[in-house]
Amino acid sequence: MAKRISLSIRIVEGKNLPAKDITGSSDPYCIVKVDNEPIIRTATVWKTLCPFWGEDYQVHVPPTFHSVAFEVLDEDALSRDDVIGKVCLTRETLASHPKGFSGWAHLTEVNPDEEVQGEIHLRLEVVPGTHSRLLRCSVLEARDLAPKDWNGTSDPFVRVRYKGRTQETSVVKKSCYPHWNETFEFELEDGATEALCVEAWDWDLVSRNDFLGKVVVNVQSLCAAQQEEGWFRLQPHQAKQRLRVEGNLGSLQLEVRLRDETVLPSSCYQPLVQLLCREVKLGSQGPGQLIQIIEETTSTECRQEVATSLLKLFLGQGLARDFLDLLFQLELSRTSEANTLFRSNSLASKSMESFLKVAGMRYLHSVLGPIIDKVFEEKKYVELDPSKVEVKDVGCSGLHRPQTETEVLEQSVQTLRAHLAALLSALRGSVRACPALVRATFRQLFRRVRERFPGAQHQHVPFIAVTSFLCLRFFSPAIMSPKLFHLRERHADARTSRTLLLLAKAVQSMGNMDTPVSRAKEAWMEPLQPTVRQGVAQLKDFITKLVDLEEEAPGPAELDLHPLSLHAPPVKEGPLFIHRTKGKGPLTSSSFKKLHFSLTTEALSFAKTPSSKKSALIKLANIRAAEKVEEKSFGSSHVMQVIYTDDAGRLQTAYLQCKCVNELNQWLSALRKVSVNNTGLLGSYHPGVFRGDKWSCCHQRDKTDLGCDKTRSRVTLQEWNDPIDHDLEAQLMYQHLLGVEAALRKKHLELCRDPEAGPKEVPEDSLAQLLHVLQELREAHGHSPGGLHLSEPCHFLQLQK
């Protein structure tokens, strides 16, 4: 039994942001922080006060998760980025929205005095004294305190207050992970009601001390418990929070959902999985009822989630092709007009979208990647709509002669023709590169549609069925928004976006087989029609080869899991800077050397270039932790450390520098996920470096010290090529079915009362079996100890706000 906690995040857009640049505009981007830890950075949207991002992320978080914050900043090339405002959603807020928080939230001011983070380790006791009982407070250490000084650290000390008396610890210089081990005692009277206040401060010689956070303890509860020791989360100074005027900093539209799932052992889900698998296998001989009933009882807003969970569940069972084939049959059975086929947001359409992203993303990158890169590199002005042509934007042609509108249009047509030719050439040569499972699924789709719509008048329909997914729902969206499909790290500027949009429109026209309906929408696309018509012929030839290419007969499981195998391709690869330790001198950023790294399920290796021979750096089984390094260590906030054991079993550390926060977190996620089952994973680490004779983070002198901060192995980003968590997908499917249980029972009663419904139409009463399985799973969850997070410290005394 395990906890799976994740955040589904969609950063939609902002509006009415304040202008931070002298031009009267801003260049906004958003940083997402989970418990004050930067996890995600959106792309910068240039020169706007109403940015649109439309970026989706899924973040796995630990059971101790408290809050997620969205900070909006204005990017500046020459100075420090300006902070615009932030939105903070606590775990309690998200838990109060079971279907997720969705809507506009006002940005509030980011006040450094109110930004607290970290935890403090206290030992609290009630002990006998000479005349009365004593309240003993031992301040042991703190971790992950907010850096308040210019050098990226703080000079923390602790102030303990009780009944008018105040005592302070010593000041620990330049550390966010201080150790004190100091004890204070206060006389405790019977029936005392005043709280004990423990405050952390950053000491400053010249200016006022900075507040770092506090813990307020209910002494009455402590008297009952007698003693308590543990890590306490620092809280902000509520009394100093000022009333903010909402709205003057703009707003942020967000969709955030917290999923807190208790995943049972695999055996508990077997009846549900076996029932659904049996239904799919029967459906291959004739559409079964159970999948159809699930679709009918699923609302439109939940259909994408259900489709993704079902698809992954059947991928794990080697039945993805059969599942999709069943959905094709259901869709075709209720479609009378060929031109409406797969145009709705049905379970079939949503499942195919998820399927292509899971099984075909690497293929999409190989086909589209070079074309998208060329569009971004050329930055040509492209426009086909005469009403939108701006001659001043295209510079000059010849000897300082401005281009005419006709010349702009002709040049734009040539540019788009070149991109389309490159795309079609890449597509024609990719038949065998297309994953086997994708080819097999498209082959089955082609055959089913051809059987349903035979005849010469419908000769285009099977091709359009394939292109409706491949072109309209996969390639075209990726061309229009390459950032969202991980083809680029940044959004395109206005000029490049227009080129991509026109290119995507041309691909859509080809996907529609250049039908009169698609041509009539925008007459100014007519100059591209000869190229589109040629493209349609080439596209049909590509699809014919794709669906005619027979495979050797692998088993279903092998066919399904091959595209998702992490053994053939690397899990993650790219250039990084590795630190080379030379002597005992200071560690600086100049000590890093650029190499090409590759992470597989066997090792983390490196080479001088992507094509050079690789050398193994760290065996995967030897990895013990992958964590961030605090900024002051190397003067960069994008450095990570990989802690591993060498051949002699001694702990070693490799320091790797990334170019941005997104790349840093992607590498950390990849390393954590591939090593999640390693033995001997560390629970703590040093976020600093061992410089001279002590750790830079906590100043401890023992190099083999276990560490001053907890590891964050549970914090990972969901990626399209992640291994499938079969038990989690079964749990998510169970949760959905539980939510529509009333509708399922109503449907079961209707089928039982229907005199025309025979037992053959509902094999062995599958719906009744499903309801029984749901009841068994409900009982299994009722017996599970799901209330207490074992990895979270448990305090019995009451903390006051």
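## Overall make-up

The protein chain holds 20 helices and 31 strands. Helices (H or I, at least four residues) and strands (E, at least two) are DSSP runs, numbered from the N terminus. This is a predicted model, where local features need pLDDT of at least 70, side-chain atom pairs count only at pLDDT 80 or more, and totals for chains, interfaces and linings use all residues. Residues are numbered from 1 along each chain as its sequence is written, and side-chain values use heavy atoms, with hydrogens and water left out.

The chain has 801 residues, and 52% of them count as buried. Buried means under 20% relative accessible area, exposed means over 50%, and partly exposed lies in between (1.4 Å probe, protein chains only). The accessible surface of the chain is about 37800 Å². Carbon and sulfur atoms account for 50% of that surface. Accessible areas come from the Shrake-Rupley method with a 1.4 Å probe; for residues, only the protein chains shown count as cover.

Contact means heavy atoms within 4.5 Å. Take the contacts between residues at least 6 apart in sequence: 70% of them join residues at least 24 apart.

## Two helices that cross

Two packed helices are described by the angle between their axes and the distance between the axes. Look at helix α8 (residues 361–378) and helix α12 (residues 494–511). Their axes come within 9 Å and cross at roughly 140°. Axes are lines fitted to C-alpha atoms, for helices over the stretch in contact, and angles run from 0 to 180 degrees between N-to-C directions. The crossing of α8 and α12 is right-handed. A crossing is left-handed if the near helix is turned anticlockwise from the far one by less than a right angle, and right-handed if clockwise.

Which residues meet? From α8 come Ile371, Ile372, Val375 and Phe376. From α12 come Thr496, Thr499, Leu500 and Leu503. This contact divides into 6 nonpolar residues, 2 polar and no charged. Here Ala, Val, Leu, Ile, Met, Phe, Trp, Tyr, Cys and Pro count as nonpolar, Asp, Glu, Lys and Arg as charged, and the others, Gly among them, as polar.

## An open sheet

Four strands form an open sheet: 4 strands in the order β3-β2-β5-β6, with antiparallel pairing. Two strands pair if DSSP finds at least two bridges between them. β3 and β6 (82–90) stand at the edges with a single partner strand each, so one side of each has no neighbour in the sheet. From one strand to the next, the twist averages 25°.

Strand β2 (residues 28–34) and β3 run antiparallel, joined by 4 bridges. Val34 stands opposite Glu37 in β3. The loop between β3 (37–41) and β4 (52–61) carries Thr48. Is Thr48 buried or exposed? Its relative accessibility is 17%, so Thr48 counts as buried. Beyond residues up to four places away in sequence, Thr48 touches Ser25, Ser26 and Pro28.

In β4, 7 of the 10 residues are buried, so the strand is largely enclosed by the rest of the structure. Strand β1 (residues 2–15) runs antiparallel to β4, with 8 bridges between them. Leu7 has Val59 in β4 as its bridge partner. β4 also pairs with strand β30 (residues 716–717), in the antiparallel sense over 2 bridges. There His60 stands opposite Thr716.

Strand β8 (residues 119–127) is mostly covered, with 8 of its 9 residues buried. A hairpin of 5 residues joins β8 to β9. β8 and β9 (residues 133–143) run antiparallel over 9 bridges, and Leu122 is partnered by Val139 in β9. Strand β15 (residues 227–233) pairs with β8 too, antiparallel over 7 bridges. Here Arg123 has Glu229 as its bridge partner.

## Two buried residues

Ile643 sits in strand β24 (residues 639–645). Its relative accessible area is 7%, so Ile643 is buried. Leu682 is 39 residues away along the chain, yet the C-alpha atoms of Ile643 and Leu682 are separated by 8.9 Å. Outside four places in sequence, the contacts of Ile643 include Ile623, Leu651, Leu682 and Tyr685.

Val172 lies in the loop between β11 (165–168) and β12 (179–188). Val172 is buried, with a relative accessible area of 12%. Val172 and Phe157 are 15 residues apart in sequence, and 6.5 Å apart from C-alpha to C-alpha. Leaving aside neighbours within four places in sequence, Val172 is in contact with residues including Pro156, Trp180 and His699.
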